[in-house]
Amino acid sequence: MGFLLMYDITNQDSFNAVQDWATQIKTYSWDNAQVILVGNKCELEDDRLVPTEDSQRLAKDLGYQFFEASAKDNINVKQVFERLVDVICEKMNESMGGDAKILSNHRGTSLQDSPPENHGGCGC
């Protein structure tokens, strides 16, 4: 029900492949699959080849939320997974007629809570 579509911010080819991967997700997954675009390796800012603005624009065009993260340095990793679970639960809630009492997100709060303030960018 959910995908983290990741690319390497230091590898333009991986970013260029995002559109194809997004098409494959749309073609071969469930109609209600939720996707978050993640630019990985944000700890390598000096080696960056993919501008954050390009990634934000692509995520907006695809209808995805966007984060930058570092698996190596554990930057935004928890936030990415929490947000994916939240958007999956929100979609499930919508499909069940909006009864927030039926589903609650993984932190035990209401599905109607606002998302985290920082959706993108790197804490490096």
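# Reading a helix and a sheet

Q: Which residues of helix H2 (residues 18-28) are buried?

A: Val18, Ala22 and Ile25 are the buried residues of H2, where buried means under 20% relative accessible area, exposed over 50% and partly exposed in between, with a 1.4 Å probe and protein chains only. Helices (H or I, at least four residues) and strands (E, at least two) are DSSP runs, numbered from the N terminus. This is a predicted model, in which local features need pLDDT of at least 70, side-chain atom pairs count only at pLDDT 80 or more, and totals for chains, interfaces and linings use all residues. Residues are numbered from 1 along each chain as its sequence is written, and side-chain values use heavy atoms, leaving out hydrogens and water.

Q: What do the buried residues of H2 pack against?

A: They pack against strand E1 (2-8), helix H1 (12-16), strand E2 (34-40) and helix H3 (52-62), contact meaning heavy atoms within 4.5 Å. The face of H2 turned away from its buried side carries exposed Thr27 and Tyr28.

Q: In what order do the strands form the sheet?

A: Strands of a sheet pair through backbone hydrogen bonds, either parallel or antiparallel. Here three strands form an open sheet in the order E1-E2-E3, with parallel pairing; two strands pair if DSSP finds at least two bridges between them. E1 and strand E3 (65-68) stand at the edges with a single partner strand each, so one side of each has no neighbour in the sheet.

Q: How many bridges join E2 to E3?

A: Four bridges join these parallel strands. The bridge partner of Leu37 in E3 is Phe66.
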